[in-house]
Amino acid sequence: MGRDLYARRNSVTVKRARQMSFEGFTRYMDSAECLLFKHECQKVYQDMTHPLSDYFISTSHNTYLISDQLVGPSDLWGYVSALVKGCRCLEIDCWDGSQNEPIVYHGYTLTSKLLFKTVIQAIHKYAFMSSDYPVVLSLENHCSPSQQEVMAEHLQIILGDSLLSDVLDDFPDKLPSPEALKFKILVKNKKVGTLQETRERKGTDKHGKFGVWEEEEPEPEEEEDSEFKDSESSYTLLEKENEEKEAESIKTLGVTLFKKKKTRKQKIALALSDLVIYTKSEKFRSFQYARLYQQFNENNSIGETRARKLSKLRVHEFIFHTRKFITRIYPKATRADSSNFNPQEFWNLGCQMVALNFQTPGLPMDLQNGKFLDNGGSGYILKPQFLRDIKSYFNPNEILKDSNPITLTVRLISGIQLPISHSSSSKTDTLVIIEVFGVPNDQVKQQTRVIRKNAFSPRWNETFTFIIHVPELALIRFVVENQGLIAGNEFLGQYTLPVLCMNKGYRRIPLFSRMGENLEPASLFVYVWYVR
């Protein structure tokens, strides 16, 4: 009783002196005001009126799977949880089902099956819970024309006005912006014919009508490489010429570059094809082919292995391509365990849709979640100017001559109620690793000393300095580990965010589990400063 009375009197005295008590200071430091993540970045603050191709878009791979790729279950929760996390591009693998009802599953595997209809119902319910901006349904379509018609019917009836089924008046021949597409759901699929033909068919009966989608399969990329070893330098020269001369030179190359190897045909129901407006799936042949023939509403999907090779051989062409066309990168087929690649290497190239297996925790998903904290968690992040400007010669593997690096200083002061070790050891020997992810020259890792047998209030008081040349692409990750001498270090918690979303000064860093759960009150106490 006496202690409470003293505390109240002391509080009144401190307030009158316009000061802060120790208890008040502690509460303030523990409040949202003192978090490392900037308050401004917690809302949509970027210009959302650029074309879709100017944004990084939060993208999921095989969204229906919640475990591995071969025998694991398919579940609606995959779609619900992805949408709640702000994901804006979902993948749906569609196959013929019984009773003329299309199903969703990973074809030719033992994964369980979902009805296409129930998947669309779940998406409709949760599409705009976390973000007002457009959702793209990436259809991997293996259905017969009759069941494609059923798919089209479900999409139209269930999604109603939220389904984009016609060209916007202001965007007849260019990609619209996320702002113009607010609360809209777009279908990404193969398409037959042009947008003009689609408009001419509007209101007509399409039942039983289909078109033939032809895919010309050119010589493999590997054979192109030996024939055009100097593609990087020739590209730079071409870029300096006007479009007409450039087109002519590419046509000359096209004599040998685009020989047909074989043609694959697929019947596409017009009812489904006509729902594809700004997101037409088009097989990636080569950058030269795309520069000459690819239309504004066509986008490509490239496997991680091929994309990685192209990023090394033709980095300038790759970035030029992603300035104009939406490019999706997806995991290689051998990732049967649903593991992920590091998405940063493809964000560095301006790839808009870097598709990850959202069900698999670890570093790649930490980077994904950290990057898309920005811009209010809307799932859309405006790419830096140098990845949008057609005149830019940005190369992530080289330091820009006119770069404006930042010097970042982080003083790691202490930890607060850190997670305890789940290993056999009764005490936790804590250390913190600070990692920067970005262009190759910016990637670095530093760590503190080990504090023995103290996870409750470890104190490091160590200072780290980082020179970051391209902060616009950089993420910083704080990882708390328990030192393990035999089995390796044990992960205890982490927090990842964009470098430019960090507040300066004394700040608190919340920690999250491997599965993304908030470990409150566990946190780190730091002092941050950076200058350009």
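## Salt bridges in a predicted model

E304, R308, R335 and E345 are linked in a network of salt bridges (a side-chain nitrogen of Lys or Arg within 4 Å of a carboxyl oxygen of Asp or Glu). This is a predicted model, where local features need pLDDT of at least 70, side-chain atom pairs count only at pLDDT 80 or more, and totals for chains, interfaces and linings use all residues. Residues are numbered from 1 along each chain as its sequence is written, and side-chain values use heavy atoms, with hydrogens and water left out.

A search of the whole structure gives 17 salt bridges. The table lists three of them.

| Pair | N to O distance |
|---|---|
| R335 and E304 | 2.5 Å |
| R308 and E345 | 3.0 Å |
| D366 and R477 | 2.8 Å |

R335 and E304 form a salt bridge. R335 sits in the loop between β11 (327–330) and α14 (344–347), and E304 in helix α12 (residues 304–313), so the pair ties together parts 31 residues apart in sequence. Helices (H or I, at least four residues) and strands (E, at least two) are DSSP runs, numbered from the N terminus. Both R335 and E304 are buried (under 20% relative accessible area; exposed is over 50%, partly exposed in between; 1.4 Å probe, protein chains only).

R308 also pairs with E345. This pair links helix α12 to helix α14, 37 residues apart. R308 is partly exposed, at 22% relative accessibility. E345 is partly exposed too, at 27%.

D366 pairs with R477. D366 is in helix α15 (residues 363–371) and R477 in strand β18 (residues 475–482), 111 residues apart. D366 counts as buried at 7% relative accessibility, and R477 counts as buried at 8%.
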